[in-house]
Amino acid sequence: MFSELTVGIIGGGGWLGRSIGAAMLAKGVLPPAGLILSSRSGRIDGFDAWPEVQLTTDNRELAQRADVIVLSVRPEQFAAVAIAAPDKLVISFMAGVSLATLIERSGSRRVIRAMPNAAAEIGQCYTPWFATAEVTAADKAFTQAMFEACGGTDEVFSEADLDYLTGLVGSGAAYPALLAEALLAHALARGLPRQVAERAVRGVVVGASQLLGRDGMPPAAMVQAMLDYRGTTAAGLQAMIDAGFRQSVDAGLEAAEAAARRMQAQYAKSEP
Ligand SMILES: NC(=O)c1ccc[n+]([C@@H]2O[C@H](COP(=O)([O-])OP(=O)(O)OC[C@H]3O[C@@H](n4cnc5c(N)ncnc54)[C@H](OP(=O)(O)O)[C@@H]3O)[C@@H](O)[C@H]2O)c1
């Protein structure tokens, strides 16, 4: 437990801020009194079990009291967040806001960009993060513990990798949903009753995906094992591959990375 730290989450009532704040308390990373959450509206749900958590609408006050400031507002909301944090660790979840902009806007050189995703809500999120050279070993130990509280995590060693992972991980919860939607549309068009179609698709996308996690089998080995089986699965897989499945995935990840880079240029120009 990091009982000596006070952590302030700006945007702590939002999807990610709330999920990661609650995960840290549930897993004992922080004592409840060590967590401050801010929002503009004052509406922050999900912390009734921890009345010692401090809630505020004043980000300057949060920044003064916290040792670690987590930025969990949307990128377009960041321009309105005025904080001076020259001696603090600043951790940003924002997609498309570069380290250079974070340093300039916060006044801190101890800055981390991290990229969780929506699965933080169920403690199943993989979070890569990238740190400036000034981030200390103690800062990194806290960061690692924070993200382990809601799943797995790794430090990456280039900001370009983090930009790429913004598209792969940050947006990642959407990709299985797209596959599920495509499977469902096909099954419904084929005339299956909706309840059967929905339960079948959920079983395939959610249930069968857990095989990959449980067995730790490399995805390519699993695909090859299915192709080698030479049954209906092989026929289905081969047709999907031949129709350009991999090219679609490549195009999607490249478009997401390009969008992350465009956003960085856009938000670098935003004035507070
Ligand atoms: N959700 C994801 O899957 C995901 C994945 C990767 C990265 N991210 C990044 O994580 C960040 C947060 O995303 P999210 O999905 O949690 O967004 P969200 O649910 O919209 O939460 C943002 C929160 O920020 C609060 N807020 C806005 N301006 C504020 C201000 N000036 N001071 C204090 N609080 C403020 C809002 O509450 P009020 O309106 O009450 O102020 C809101 O609850 C984004 O930058 C996003 O790019 C999200």
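Reader: Which helix gives the most to the shell around the ligand?
Author: In this predicted model, helix H1, spanning residues 15–26, gives the most to that shell, with 3 residues.

Reader: And which residues come nearest to the ligand?
Author: There are 29 residues around the ligand, and Gly11, Gly14, Arg40, Ser41 and Gly170 come nearest.

Reader: How do the shell residues divide into nonpolar, polar and charged?
Author: The shell around the ligand has 14 nonpolar, 12 polar and 3 charged residues.

Reader: Turning to the core, how many residues does the largest nonpolar one have?
Author: The largest nonpolar core has 56 residues. Val68, Ile69, Val70, Leu71, Val90 and Ile112 are those with the most contacts inside it. Helix H1 gives the most to this core, with 5 residues.

Reader: In which sense does E4 pair with E1, and over how many bridges?
Author: E4 and strand E1 (residues 7–10) pair in the parallel sense over 4 bridges. Within that pairing, Leu71 of E4 is the bridge partner of Ile10.

Reader: What about E4 and E5?
Author: E4 also pairs with strand E5 (residues 89–92) in the parallel sense, over 4 bridges. Here Leu71 has Ser92 of E5 as its bridge partner.

Reader: Which residues does Val90 touch?
Author: Leaving aside residues up to four places away in sequence, Val90 touches Ile69, Leu71, Ala85, Leu102, Ser106, Ser108, Arg110 and Val111.

How values were computed
Residues are numbered from 1 along each chain as its sequence is written. This is a predicted model: local features need pLDDT of at least 70, side-chain atom pairs count only at pLDDT 80 or more; totals for chains, interfaces and linings use all residues. A residue is near a molecule or strand if its C-beta atom, placed from the backbone, lies within 6 Å of it. Helices (H or I, at least four residues) and strands (E, at least two) are DSSP runs, numbered from the N terminus. Ala, Val, Leu, Ile, Met, Phe, Trp, Tyr, Cys and Pro count as nonpolar, Asp, Glu, Lys and Arg as charged, and the others, Gly among them, as polar. Two strands pair if DSSP finds at least two bridges between them. A nonpolar core is a set of buried Ala, Val, Leu, Ile, Met, Phe, Trp, Tyr and Cys residues joined through C-beta atoms within 7 Å. A residue is buried if 20 or more other C-beta atoms lie within 10 Å of its own, exposed if 12 or fewer, and partly exposed in between; C-beta atoms are placed from the backbone. Two residues are in contact if their C-beta atoms, placed from the backbone, lie within 7 Å.
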